[in-house]
Amino acid sequence: MSEITGGEQTQRGSLTDDWLATVRRRLEALTGYASTEGNAVDVYRNGDRIFPAMLDAIRHAERTVDLMTYIYWKGTIGSDFTRALSESAANGVRVRLLIDAVGGLNVDRDDVAAMKDAGVHLEWFRVPWLRSPFKQNHRCHRKVMIVDEQIAFTGGVGISDRWCGDARNENEWRDTHIRVRGPAVDGLRAAFVQDWAENGAALIDTGIDLLPSQPHVGDAVLHVVRGSASLGYDDLQTLFRVAIGSAQERVRLSTAYFTPSTDFRQLLITTAQRGVEVDVLLPGPHADKSVSRLASESVYEELVEGGVRVWNFQPTMLHVKTLTVDRRLAVIGSANFNRRSMDHDEEVVVAILNQDVTAIFDKHFEDDLERSEPIDPARWERRRPAQKLYEAAVMPLRRWL
């Protein structure tokens, strides 16, 4: 865990604070959301650090816990969360849990019953219904937890034993989460409330939700953006376009599922061709979805020929969803760099305009590269004909992956 309470104001390389001010203004003007100052950020790498921090926050909650997740599966960590949430509810804490009805299919029904008996308010996001088949494609992929309206967590992890451990082997997935304190908590809370209210719940529990003014507890500037579960362009795409398009020196992208649109592939290539170092880190041999991996591999040749460096993480499934730009901007949240996140699902991401936080993400990226293999253009061009056939076969599915 690394506590961030301030950002240096010194110049590094060719970049100055004017660059950060420009990016901030672009984000604010083009998304319509104001950035917030005075935030503190903790960065947690892998389940061994992420889950204890989240569980500790639940156990020390005094008034409220709001948790939304795509995956809540049976297993050891699911039971741990069930106990912590149930104990808090039994102690008088208002506990609300929102699980996506598709992502949560593998939940332990005994855990569900235990939480309801303890007083946890549990709801399902968009239970599949034959009368609305097209709506079922648009899922809640957001991972957000807010405690006492003053602490928020977000990132890539789901509640499943897959994320336990420290990415030491194929049974311990690699991922990153953050804890936020300060004014940006409101943006993450809004992501929860937006989907919670879809089930007809009140936006405010009078007497419980105090909506306190958030204190300034650090020097990190954060910009929270929500993606909507519907077809069409949204602010999530704007954030990624602004971040990558503003790069002057380097772009480092880690993502679990990579099926970018033609426009986003071209953005990465043109960024590389104007002299920016562009590195894309993706799952390797332990990718959990073969169809998604094939869809990613179908664009490797185009990217590497365009100057983008592509890497495959070797030890285990890479589920990280982060982006850093020019050592000063970091982006993290639930969104992958794929069509499903950009076009179809409920997502939330946080842009962190802070040199110190970005340095942590960059260090994690460098550590991951040491355990990754690059895609060599010459070798990739000679890949088996069967591989090319498989890639071509999944191309029609890319817009849904």
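Leaving aside neighbours within four places in sequence, which residues is A202 in contact with?

1. **A202.** The contacts are R96 and W196 (contact means heavy atoms within 4.5 Å). A202 sits in the loop between α5 and β9. Helices (H or I, at least four residues) and strands (E, at least two) are DSSP runs, numbered from the N terminus. With a relative accessible area of 46%, A202 is partly exposed. Here buried means under 20% relative accessible area, exposed over 50%, and partly exposed in between (1.4 Å probe, protein chains only).

2. **Basis.** This is a predicted model, in which local features need pLDDT of at least 70 and side-chain atom pairs count only at pLDDT 80 or more, while totals for chains, interfaces and linings use all residues. Residues are numbered from 1 along each chain as its sequence is written, and side-chain values use heavy atoms, with hydrogens and water left out.

3. **Nonpolar patch.** L203, I204 and L211 make a nonpolar surface patch of about 290 Å². Patch residues have over 30% relative accessible area and no salt bridge; like charges are joined within 9 Å, nonpolar side chains (Val, Leu, Ile, Met, Phe, Trp, Tyr) within 5 Å. Areas come from the Shrake-Rupley method with a 1.4 Å probe; for residues, only the protein chains shown count as cover. I204 lies in the loop between α5 (185-196) and β9 (220-227). I204 is partly exposed, at 41% relative accessibility.

4. **Salt bridges.** The count is 34 (a side-chain nitrogen of Lys or Arg within 4 Å of a carboxyl oxygen of Asp or Glu). One network links D66, R94, R96, D205 and D209.

5. **R126 and E198.** This pair forms a salt bridge, with the closest N and O atoms 2.7 Å apart. R126 is in the loop between β5 (121-125) and β6 (144-147) and E198 in the loop between α5 and β9, so the bridge ties together parts 72 residues apart in sequence. R126 is buried at 14%; E198 is partly exposed at 33%.

6. **D362 and R250.** Their closest N and O atoms are 2.9 Å apart, in a salt bridge. The pair links distant parts of the chain, 112 residues apart: D362 in helix α11 (residues 355-369) and R250 in strand β10 (residues 250-254). D362 is buried at 4%. R250 is buried at 11%.

7. **D367 and K363.** This salt bridge has its closest N and O atoms 2.8 Å apart. The two residues are four apart in helix α11, so about one helical turn separates them. K363 is partly exposed at 44%.

8. **Cysteines.** There are zero disulfides (cysteine sulfur pairs within 2.5 Å). C140 is buried at 2% relative accessibility. C164 is partly exposed at 24%.
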